[in-house]
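Have a look at the model before we start.

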Amino acid sequence: MRYVSDIAGKNDPTNRPRRKILLGITGGVAAYKAAELVRRLGDRGIEVHVVMTEAACGFITPATLQALSGHPVYTSMWDGRIDNGMPHIELTRDKDAIVIAPATADFIAKCVHGLADDLLSTLCLARDCPLIVAPAMNRQMWEHAATQRNVAQIRSDGVTVLGPDSGDQACGETGMGRMLEPEALAEGIAAFLAPKTLLGKRVLMTAGPTFEPIDAVRGITNRSSGKMGYAIARAAIAAGAEVTLVSGPVSLAAPVGAAMVRVQSAAEMFAAVQKHVAKTDIFIGVAAVADYRVAAPRKHKIKKTEEDQLRIDLLPNADILGWVASRPKPPFSVGFAAESRNLDRYADEKRRRKKVKLMIANLAQNAIGADDNEVSLMDDNGTHRLPRAPKDAVAVEIVRHIAALCSSTKRKPR
Ligand code: C5P
């Protein structure tokens, strides 16, 4: 079977509907961050339609949001662009959620009491989809007993509250009440919308490079930012999996909800995988593991004057993925192949040699360190190519593919 899948959902052979949200912007300084939020949601393949309150238009213009979302922006109950004249009903009927970001103290209070005196508050009352709010306000307003009562009430009404964060505020004060940063909000919204295809699955992953010490300061490593692996960990968590992430040295924030095991060398990575593998349903080896380690790393820094010529003996590292996949009862094993040429041939050879169910091939020169990637998924059914897209969107597709393969692969009982 060969097909080309489209991450954005257009031309998708499975006709999977694209996720759509209605983004409601209320009148707070954090409204400027809504523009960036629209971009970050778009990166994740989520279609955004914007509704703004009158006060929000004092902070950011509808024209900006229209340009970024690619859809008309609504601000009034009396907008004639909806055929039946009922924008307060129609605008949410094909949406997967309403997200209010930023959500002011006033708007949250209105939601609690079911007030409906403008388009956005009426949409919230007349909705048939979930509501997510991202509060943003001054710390005193956030801490006020009335706000705390209202937030507790909307939570118990089934509304999802994302944030707020603490930190510097536009008013010059510091404390709780800042809206979550757009990237974190987009992550939370994507997780909320993701189908829970890996619910109850335990996923063990490796990501990032390994570092093999030569002496106290030097070492051998492979180039790897860890971005692809971390994106897959986030997508797996969003799909309901319990993720243990064994990570080499990277400068990335840990995925929220992942059990992190931080390692340096391939030997440490292997030991961590050996420790956790027994309870694993799915193993995903994304790490760029160094093939060799230094036979006798020096404790102290080697001085340049010490030796004219420096010889370093190298010993091969264990093939972690190969070891996992060849266990008597292996988890569903997934590997990555980064090649600079003959990608399909080398990757498929690697898939067969390491006996993994799925090999994900990417061109090293396109993938390493970049924010987006173009990969081919190789399994027993053939090669499935994904178009170039942000790594977060690619990760969502990879997780979807793994979930589909897992559900069609009968595992022997342990
Ligand atoms: O290094 P190689 O190209 O064989 O790596 C392909 C796959 O094997 C990757 O998924 C990588 O994480 C994994 N690997 C591993 N242990 C090694 C080398 C590679 O798990 N020592």
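Q: How much area do domain 1 and domain 2 bury between them?
A: About 440 Å², with 56% of it on carbon and sulfur atoms. Keep in mind that this is a predicted model.

Q: Which residues make up domain 1 and domain 2, and how do you know where the bounds lie?
A: Domain 1 is 20-193 and domain 2 is 202-411, as the domain assignment of the protein gives them. Their centres, taken over C-alpha atoms, are 38 Å apart.

Q: What makes up the contact on each side?
A: Domain 1 puts in 5 residues and domain 2 puts in 5 residues. To be counted, heavy atoms have to come within 4.5 Å.

Q: Which three residues supply 73% of the area that domain 1 buries against domain 2?
A: Asp 43, Arg 44 and Glu 187, which together give more than any other three residues.

Q: Why is the pair Arg 234 and Glu 187 called a salt bridge?
A: The closest N and O atoms of Arg 234 and Glu 187 are 3.5 Å apart. The cut-off is 4 Å between a side-chain nitrogen of Lys or Arg and a carboxyl oxygen of Asp or Glu, so the pair qualifies. Between domain 1 and domain 2 the count is 2 salt bridges.

Q: Which helix gives the most to the side of domain 1 that touches domain 2?
A: Helix H8 (residues 182-193), with 3 residues. By class, that side of domain 1 has 4 charged residues, 1 nonpolar and no polar.

Conventions: Residues are numbered from 1 along each chain as its sequence is written. This is a predicted model: local features need pLDDT of at least 70, side-chain atom pairs count only at pLDDT 80 or more; totals for chains, interfaces and linings use all residues. Side-chain values use heavy atoms; hydrogens and water are left out. Domain bounds come from an automatic or database domain assignment. Buried area is the accessible area (1.4 Å probe) that two parts lose on being put together, summed over both. Helices (H or I, at least four residues) and strands (E, at least two) are DSSP runs, numbered from the N terminus. Ala, Val, Leu, Ile, Met, Phe, Trp, Tyr, Cys and Pro count as nonpolar, Asp, Glu, Lys and Arg as charged, and the others, Gly among them, as polar.
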